Amino acid sequence: MIGSSIRPLSILVALFLAFVPFARAQDPIETSAEQQLLTLVNQERRKAGVPPLTLDERLTRAARKHSQLMINRDALSHQFPGEDPLLLRLTAENVRTDHDGENIALNGDVASAHVALMESPKHRANILSRQFDVIGIGVVRSDDLVYVTEDFAHVMPNYSDFEADAAAQQAITDYTRSLGLPVPQRKSRTQLTHMACEMARRDKLASSQVPHDVPGVTSAVAWTATDLHELPPGAKKILSQPITSGYSLGVCFATSASQPGGVYWLLLATY
C-alpha cells in the first residue's frame with residue numbers, strides 16, 4: 001500500500017488511504033533500510049537525468065515520527081486527526097522550504113515498497129521531481145511489515161537576520177550594476193524592518209503607508225520572497241532609474257496565516 005502528497009509553494013495536497021491491520025508502539029527504526037531506499041531513489045533520479053537528493057536529518061526525524069504514528073494509528077495517512085500538515089511538521093524541525101511532498105507505503109520490505117511507489121504516477125513524480133533537493137526517510141518495522149515515509153523538500157537557506165538583510169541588499173546592488181547604473185546609497189531605517197514584520201503579522205503587503213510613515217520617502221514597494229536574490233518587477237521598476245538620494249530596506253522572515261512555513265517579507269523605499 002502506498003500514498004503520496006505534494007505541496008507546490010503554499011499548496012499542500014494530501015491523499016488519505018485505507019486502514020491496515022498491524023500496529024504496535026515502540027517499533028524499531030530500520031536505518032539500513034532507510035539507506036537502501038535513499039540509494040534506490042537516487043538511482044532512479046540518475047536514470048532520469050535528475051540531480052540526486054541529499055538525506056536531511058531534520059526531514060528524516062519528521063518522516064520517522066510519521067511512520068511510527070501510522071503504526072500507532074493502524075492506518076496509512078498523510079495527516080491524522082490532531083497531526084499537523086506536512087509543512088508544519090517540517091517547520092517544527094527547523095526546515096525552511098518553499099516546496100514539499102510526501103510518499104507513504106506499507107510493504108514487506110523497502111525494495112518492494114519502492115517498486116510500488118515507482119509504478120504509481122503521483123509517487124514517481126515526487127521521487128523524480130526537480131523541485132526537491134533533500135529527502136528524509138523514515139522506515140519503521142512492525143512485525144513482518146515496514147511502514148515507509150519519504151518526505152521531500154526544497155530547502156531555503158536558513159539565514160540569520162543579518163545574512164538575510166545582506167543577501168537582499170546584494171540583490172539590489174547586483175541589479176543596478178547589471179543596468180550600468182550607479183549603486184544607490186543605503187540609508188539605515190530600522191523602522192522599515194519593523195514595518196516588514198508588521199506586514200507578516202497582518203498577513204498583508206502594505207507599501208502605500210511607507211511614504212506617510214517614513215520622512216522623505218518618495219516611492220516604496222513591498223513583496224514576499226523565498227529567494228532573496230530575486231527581485232520582483234515592482235522593485236526592478238524603481239531601481240531602473242538612478243536613485244540619487246538613496247534607499248532603505250526592511251527584511252523580516254516570519255510566518256503568517258497564508259504562509260505557515262514562513263517567507264521573507266520585504267520593504268524597499270527610495271528617497
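Arg-61, Lys-65 and Glu-93 are linked in a network of salt bridges, a salt bridge being a side-chain nitrogen of Lys or Arg within 4 Å of a carboxyl oxygen of Asp or Glu. The structure holds 11 salt bridges and, by the rule of cysteine sulfur atoms within 2.5 Å, 1 disulfide. The model is predicted, so local features need pLDDT of at least 70 and side-chain atom pairs count only at pLDDT 80 or more, while totals for chains, interfaces and linings use all residues. Residues are numbered from 1 along each chain as its sequence is written, and side-chain values use heavy atoms, with hydrogens and water left out.

Helices (H or I, at least four residues) and strands (E, at least two) are DSSP runs, numbered from the N terminus. Buried stands for under 20% relative accessible area, exposed for over 50%, and partly exposed for values in between (1.4 Å probe, protein chains only).

**Salt bridges**

- Glu-93 and Arg-61 meet through their side chains in a salt bridge, at 2.9 Å from N to O. Glu-93 lies in the loop between α3 (86-92) and β5 (97-107) and Arg-61 in helix α2 (residues 57-73), so this pair ties together parts that are 32 residues apart in sequence.
- Glu-93 counts as buried, at 9% relative accessibility, whereas Arg-61 is partly exposed, with a relative accessible area of 37%.
- Arg-89 forms a salt bridge with Glu-102, in which the closest N and O atoms are 2.6 Å apart. Because Arg-89 lies in helix α3 and Glu-102 in strand β5, the pair ties together parts that are 13 residues apart in sequence. Both Arg-89 and Glu-102 are buried.
- Arg-89 also forms a salt bridge with Glu-83, with 3.5 Å between the closest N and O atoms. The relative accessible area of Arg-89 is 10%, and Glu-83 counts as buried at 12% relative accessibility.

**Disulfide**

- A disulfide is a covalent bond between the sulfur atoms of two cysteines.
- Here Cys-197 and Cys-252 form a disulfide, with their sulfur atoms 2.0 Å apart. The link of Cys-197 and Cys-252 is right-handed, with 105° about the S-S bond.
- Cys-197 lies in helix α7 (residues 190-202) and Cys-252 in strand β9 (residues 247-254), so the pair ties together parts that are 55 residues apart in sequence.
- The two cysteines fall into separate accessibility classes: Cys-197 is partly exposed, with a relative accessible area of 32%, and Cys-252 counts as buried, at 8% relative accessibility.

**The sheet β8-β10-β9**

- An open sheet of 3 strands has the order β8-β10-β9, with antiparallel pairing; two strands pair if DSSP finds at least two bridges between them. β8 (219-225) and β9 stand at the edges, each with a single partner strand, so one side of each is left without a neighbour in the sheet.
- Neighbouring strands of this sheet are turned by 15° against each other on average, direction ignored. Axes are lines fitted to C-alpha atoms, for helices over the stretch in contact, and angles run from 0 to 180 degrees between N-to-C directions.
- β8 is joined to strand β10 (residues 263-270) by 7 bridges, and these strands run antiparallel. Within this pairing, Ser-219 stands opposite Thr-270 in β10.
- β9 and β10 also run antiparallel and are joined by 8 bridges. Leu-249 stands opposite Leu-268 in β10.
- β10 is mostly covered, as 8 of its 8 residues are buried.

**Helices packed on the sheet**

- Helix α6 (residues 161-178) packs on the sheet and touches β9 and β10, its direction making about 135° with that of β9; contact stands for heavy atoms within 4.5 Å.
- α7 lies across β8, β9 and β10 and runs at about 40° to β9.

**Helix pair α1 and α4**

- Helix α1 (residues 31-47) and helix α4 (residues 110-118) pack at an angle of about 35°, and their axes are 10 Å apart.
- The crossing of α1 past α4 is right-handed, the near helix being turned clockwise from the far one by less than a right angle.
- In α1, Ala-33, Gln-36, Leu-37, Leu-40, Val-41 and Glu-44 meet Val-110, Ala-111, His-114 and Met-118 of α4.

**Ile-71 in helix α2**

- Ile-71 lies in helix α2 and is buried, with a relative accessible area of 0%.
- Ile-71 and Val-140 are 69 residues apart along the chain, and their C-alpha atoms are separated by 8.4 Å.
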